[in-house]
Amino acid sequence: MAYPKPLERLIAAFERFPGIGRRSAERMAFHVLRDPEAMELAVALRDAAENTRRCGLCHNVTEQDPCALCADPARDASQLLVVEEPRDVEAVERSQAYRGRYHVLLGAYNPAEGTEEKHLTVAALVKRLAHGGVNELILATDPDAEGEATALVVLAAVDRARLALKVTRLARGVPAGSALEYLHKGVIQDALSGRIALRERS
Ligand SMILES: [Zn+2]
C-alpha cells in the first residue's frame, strides 16, 4: 500500500539528506505529521533557503554579502585559514584562537565519491590570493584521509599559480580521523599554535 502523495513527497525530501535512508526518512516524516509545531519547520526551511547565501569572498554561508567576518576591519587580512565547511568556521571561531580571515572550500577532495577539485572553491581561493595581501595560508582541513588529500590539492594549486606565500597545516595534535567541527576548543588552539610549515614564502 502506498502512502498518500503529500506524505510520499515529504519522505522523498528527507531521503535527499546525506546519510538518510528510506526508513529514517519515513520516521522523520511521521514525526513531522505528529508534531503540532510542524509549520514552524516549514517556515524555518523557507527562511533559511531564501535568506542565506554564499559570501562572495570566503564562500561561508551568510545573510549579507560580504559576510560579517570578511567585512570586519579588525580581522587580520594577512592570514587566511582554509576549511572544508561553514561549520568548521564556527568551530575555529569558538576556539577564539584565530583573528585572521577564512576561506570555505565547500567540501573535501574525494574523486571516488565524485568530489573533484573543480567542485571545491579552490579556483576562487587562488584568484583571491592573487590579489595579494595574504602572507600565510593555513590549511585547516579535517585530520582524516580526505582532509589530507584536500590540503595537498590546495597546496598544489598555490604552487601552480606561483603565489608567494607561506602555507601551513594544523599541527597533528588533533586526533587523526576526526572532524574539525567536533574538536574541543583547546585542541583547536593547540593545533593552531603548533601549526607546521608546508612551504615558506618564496
Ligand atoms: Zn566572507
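What follows is a set of questions about the labels, each answered from its definition.

Trainee: What kind of model is this, and which pLDDT do local features need?
Mentor: This is a predicted model, where local features need pLDDT of at least 70 and side-chain atom pairs count only at pLDDT 80 or more, while totals for chains, interfaces and linings use all residues. Residues are numbered from 1 along each chain as its sequence is written.

Trainee: How is the protein chain divided into domains?
Mentor: Into domain 1 (5-51) and domain 2 (62-199), with bounds that come from an automatic or database domain assignment. Taken over C-alpha atoms, the centres of domain 1 and domain 2 are 32 Å apart.

Trainee: Why are helix 1 and helix 2 called oblique to each other?
Mentor: Helix 1 (residues 5-15) and helix 2 (residues 22-34) pack at about 125 degrees, with axes 8 Å apart. Axes are lines fitted to C-alpha atoms, for helices over the stretch in contact, and angles run from 0 to 180 degrees between N-to-C directions. Helices here are DSSP runs of H or I with at least four residues, strands are runs of E with at least two, and both are numbered from the N terminus. Angles under 35 degrees count as roughly parallel, over 145 as roughly antiparallel, 65 to 115 as roughly perpendicular and the rest as oblique. So helix 1 and helix 2 are oblique.

Trainee: Which residues of helix 1 and helix 2 meet?
Mentor: Leu7, Leu10, Ile11, Phe14 and Glu15 in helix 1 meet Arg22, Ala25, Glu26, Met28, Ala29 and Val32 in helix 2; contact means C-beta atoms, placed from the backbone, within 7 Å. That contact of helix 1 with helix 2 has eight nonpolar, no polar and three charged residues. Nonpolar covers Ala, Val, Leu, Ile, Met, Phe, Trp, Tyr, Cys and Pro, charged covers Asp, Glu, Lys and Arg, and the others, Gly among them, are polar.

Trainee: What makes helix 5 roughly perpendicular to helix 8?
Mentor: The angle between helix 5 (residues 86-95) and helix 8 (residues 185-193) is about 90 degrees, with the axes 8 Å apart. That value therefore makes helix 5 roughly perpendicular to helix 8. Here Ala91, Val92, Arg94 and Ser95 of helix 5 meet Lys185, Ile188 and Gln189 of helix 8. By class, this contact of helix 5 with helix 8 has three nonpolar, two polar and two charged residues.

Trainee: And why are helix 6 and helix 7 oblique to each other?
Mentor: The axes of helix 6 (residues 122-130) and helix 7 (residues 145-160) come within 10 Å and cross at roughly 45 degrees. Helix 6 and helix 7 are therefore oblique. On the helix 6 side, the contact is made by Val122, Leu125, Val126 and Leu129, and on the helix 7 side by Val153, Val154, Ala157 and Val158. Its classes are eight nonpolar, no polar and no charged residues.

Trainee: Why do strand 4 and strand 7 count as edges?
Mentor: The open sheet of five strands has the order 4-3-5-6-7, with mixed pairing. Strand 4 (100-104) and strand 7 (196-199) each have a single partner strand, so one side of each lacks a neighbour in the sheet.

Trainee: How do you know that strand 5 and strand 6 pair?
Mentor: Pairing takes at least two bridges found by DSSP, and strand 5 (residues 136-139) and strand 6 (residues 166-169) have four, in the parallel sense.

Methods: Two residues are in contact if their C-beta atoms, placed from the backbone, lie within 7 Å.
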